[in-house]
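Dear colleague,

My notes on what was found in it follow directly after it.

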Amino acid sequence: MEIKYGLNPKDMKLYSTQEIKEEVTFKNFFIPDEIKYLYTHVDRALMGAIVPKTKELCLDDFINAKQDLGCEYPLAAREMGCINLGGDGYVLVDGNRYDIGNTTAIYIGKESKNVTFGSVNSENNAKFYFYSTPAHKQYPTKVITKEDAVRLELGSTLDCNERVILQYIQPATCDSCQVLLGYTQLAPGSVWNSMPTHVHERRTETYMYFNMKETDRVIHLMGEPDNTKHLIIENEELVISPAWSIHAGVGSGSYGFIWGMAGENRDLGDAVSYKISDLS
């Protein structure tokens, strides 16, 4: 398990770009037949990838719950949201099977003891990205398809930010304690995400960029609005944005990103926006 301890605004002013990147990014975690994950002390979030190619993968076999989480088993005091970015897969939760196709999500509730991930076809295996946070209440496990998700179409071709936002785990679709999860896909020819950008002091947000060409990169902007920094991000790399930080980016080509959030509330409108002309 890799651990990140978080940044505050004063630290960021003193850090080099590389030092910032070491604190807030995680990559190379989509590994066949492995579960790789990151723990951040910011909102106690756990995130990573589960890639069952030739065998089923059980959380207990990869997450040392007593050592890493101080619990008897991984979801004893946690909830988890997952989105499948690969071929058809399934999740076994305490003996119940849930089929999870491409771009389908699953919410797994607190106190789920036996959680196993598998692929229907090893030649076109599933690739699960997951986001987990502490939970105070048990909610039922639920599958959310692309059709079930709340769909928002934002931006325009002229502004180079035409995009579709799919909100999978949010109050209108799925009960959860903290987890909010979805993804944004930019239209061909559009390269800006989340612009105008925003800050929500009560929630941390994580971006995991995907659907990028190997040669493409995203310039991810973060920091206080009047003291922004940038990071060069590649395909299947995630960035943790502290609650006080803006989060936006521009790419050298089209891409998508999964966003996960946790914090004091689940109000997606609880944010302060900043135009690009407000940034410095």
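Threonine 206 is in contact (heavy atoms within 4.5 Å) with Met47, Tyr129, Tyr131, Leu238, Val239, Ile240, Ile258, Trp259 and Gly260, leaving aside its neighbours within four places in sequence. The residue belongs to strand S18, which covers residues 203-210; helices (H or I, at least four residues) and strands (E, at least two) are DSSP runs, numbered from the N terminus. Threonine 206 counts as buried because its relative accessibility is 1%. Here buried means under 20% relative accessible area, exposed over 50%, and partly exposed in between, with a 1.4 Å probe and protein chains only.

Please note that this is a predicted model, in which local features need pLDDT of at least 70 and side-chain atom pairs count only at pLDDT 80 or more, while totals for chains, interfaces and linings use all residues. Residues are numbered from 1 along each chain as its sequence is written, and side-chain values use heavy atoms, with hydrogens and water left out.

Glutamine 167 is placed in strand S14, residues 163-169. With a relative accessible area of 9%, glutamine 167 is buried. Its side chain makes a polar contact with the side chain of glutamine 170 at 2.5 Å. A polar contact is a pair of N or O atoms within 3.5 Å; within protein, one must be able to donate a hydrogen and the other to accept it, and residues adjacent in sequence count only if both atoms are side-chain atoms. Apart from neighbours within four places in sequence, the residues in contact with glutamine 167 include Ala149, Leu181 and Trp259.

I turn now to the charged pairs. Side chains of opposite charge can pair when their charged atoms come close. The structure holds seven salt bridges, each being a side-chain nitrogen of Lys or Arg within 4 Å of a carboxyl oxygen of Asp or Glu. One of them joins glutamate 237 to lysine 21, with the closest N and O atoms 3.8 Å apart. This pair links distant parts of the chain, 216 residues apart: glutamate 237 is in strand S21 (residues 237-241) and lysine 21 in helix H2 (residues 17-24). Both residues, glutamate 237 and lysine 21, are buried.

Another salt bridge is formed by arginine 97 and aspartate 99, whose closest N and O atoms are 2.9 Å apart. Arginine 97 is partly exposed at 48% relative accessibility, and aspartate 99 is exposed at 52%. Arginine 151 and glutamate 153 also meet in a salt bridge, at 3.1 Å from N to O. Arginine 151 is partly exposed at 49% relative accessibility, and glutamate 153 is exposed at 59%.

Yours sincerely
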